[in-house]
Amino acid sequence: MSVVVPADAWLVAIDLQRVFTGDSPWSTPRYDEAAAGTARLLPHFAGRTVFTRFVAPERPQGAWVPYYREWSFALVPDTDPLYDLTAPFAAAVTDHGTPVVTEPTFGKWGTSLQGVVGDRPHLVLTGVSTDCCVVSTALAAADAGASVTVVADACAGASDEDHERALALMRLYAPLITVVERGTDLVTDQV
C-alpha cells in the first residue's frame, strides 16, 4: 500500500551510531538492514534529512542514575567514537552539511529537532531502536501535532518481537502516526 507524504516532509534518521552495532552491549540485531533502508531513502529527502544521536548525559539525574549504573560503558563524552554515526551517514554530515540533533534522551522530539524541521512538520522516521528511541520520538512528535510516518523496514528493534510490538503500538495512534512496511511504499506529492 502506497502512502503519500508531502514534498516538504523530513527524514529523521534516529541514532544510526556505532554504539548500536558490533559487540556493543546495545548492539541492535538487524541494524545493518535498518541502515540500508535509511540509506535508500536519503536521495528522496535531499536537503530535508536530519540525523539524531543518543549520548549519555554529563551527570545522570533521576531515573538515569540507576540506568547508567547498569550501562556504565556508555558514560563517555558525546565526542567519543562510540557515539559516532556509522557510514554512510557520517559522510552525509561531513559532505553535505546534513544537520545532527544530539540528545541524552530516548525521544528526540524537542526544541533542537523543532529548530530544524519546524513546529508541525511531517516526519518520516527510520533508525534504531524501534522499541525505544523511534517510538519515543514518534509519540512525542505526534502529541505535539507533527504528522509521523514510520518506515518499518528502515527500523530495527532490540529483537524482532520488540520491533513488531513497537510498530503495533504506533499503529494504535493512527491517523497521527502511519506505519509503512517498506520505504518503497512512500510516494511524495512532488511532480
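These are my notebook entries on what I looked up in this predicted model.

**Ground rules**

I number residues from 1 along each chain as its sequence is written, and I use heavy atoms for side-chain values, with hydrogens and water left out. Since the model is predicted, local features need pLDDT of at least 70 and side-chain atom pairs count only at pLDDT 80 or more, while totals for chains, interfaces and linings use all residues.

**Entry 1: the sheet**

I began with the strands. I take helices (H or I, at least four residues) and strands (E, at least two) as DSSP runs, numbered from the N terminus. Six strands form an open sheet, and I wrote down the order as S4-S3-S2-S5-S6-S7. The pairing is parallel; two strands pair if DSSP finds at least two bridges between them.

Which strands stand at the edges? They are S4 (100–103) and S7, each with a single partner strand, so one side of each has no neighbour in the sheet. From one strand to the next, the twist averages 25°.

I then checked one pair. S2 and S3 (residues 49–54) run parallel and are joined by four bridges. Ile-14 stands opposite Thr-52 in S3.

**Entry 2: helices on the sheet**

Next I looked at what lies on the strands. H1 lies across S2, S5 (122–128) and S6 (147–156). The direction of H1 is at about 130° to S6; angles run from 0 to 180 degrees between N-to-C directions, and axes are lines fitted to C-alpha atoms, for helices over the stretch in contact. H6 also packs on the sheet, where H6 touches S6 and S7 and makes about 165° with the direction of S6.

**Entry 3: H5 against H6**

Two packed helices are described by the angle between their axes and the distance between the axes. For H5 (residues 130–143) and H6 (residues 160–171), I noted axes that come within 9 Å and cross at roughly 15°.

I listed the residues that make the contact (heavy atoms within 4.5 Å). H5 gives Thr-130, Asp-131, Val-134, Val-135, Ala-138 and Leu-139, and H6 gives Asp-162, His-163, Ala-166, Leu-167, Leu-169 and Met-170. These divide into eight nonpolar, two polar and two charged. For the classes, Ala, Val, Leu, Ile, Met, Phe, Trp, Tyr, Cys and Pro count as nonpolar, Asp, Glu, Lys and Arg as charged, and the others, Gly among them, as polar.

**Entry 4: the loop between S2 and H1**

Thr-28 is in the loop between S2 (10–14) and H1 (31–41). Thr-28 is buried, at 6%. Leaving aside neighbours within four places in sequence, Thr-28 contacts Phe-20, Val-128, Ala-156 and Gly-157.

Asp-15 is in the loop between S2 and H1 and has a phi near 55°, positive although the residue is not glycine. Is Asp-15 buried or exposed? Asp-15 counts as buried, at 0% relative accessibility. Arg-30, in the loop between S2 and H1, has a positive phi near 70° and is partly exposed, at 43%.

**Entry 5: the loop between S7 and S8**

Arg-182 lies between S7 (177–180) and S8 (186–188). At 40% relative accessibility Arg-182 is partly exposed. Apart from neighbours within four places in sequence, Arg-182 contacts Val-151 and Asp-153. Asp-185 is in the loop between S7 and S8 but is buried, at 8%. With neighbours within four places left aside, Asp-185 contacts Met-1, Ser-2, Val-3 and Val-180.

**Entry 6: cis bonds**

Most peptide bonds are trans, and most residues other than glycine have a negative phi. I noted a cis bond from Ala-87 to Pro-88, with omega near 0°; Pro-88 is in the loop between H2 (64–70) and H3 (89–96). The bond from Ala-174 to Pro-175 is cis, with omega near 5°, and Pro-175 is in the loop between H6 and S7.

Technical notes. Buried means under 20% relative accessible area, exposed over 50%, partly exposed in between (1.4 Å probe, protein chains only).
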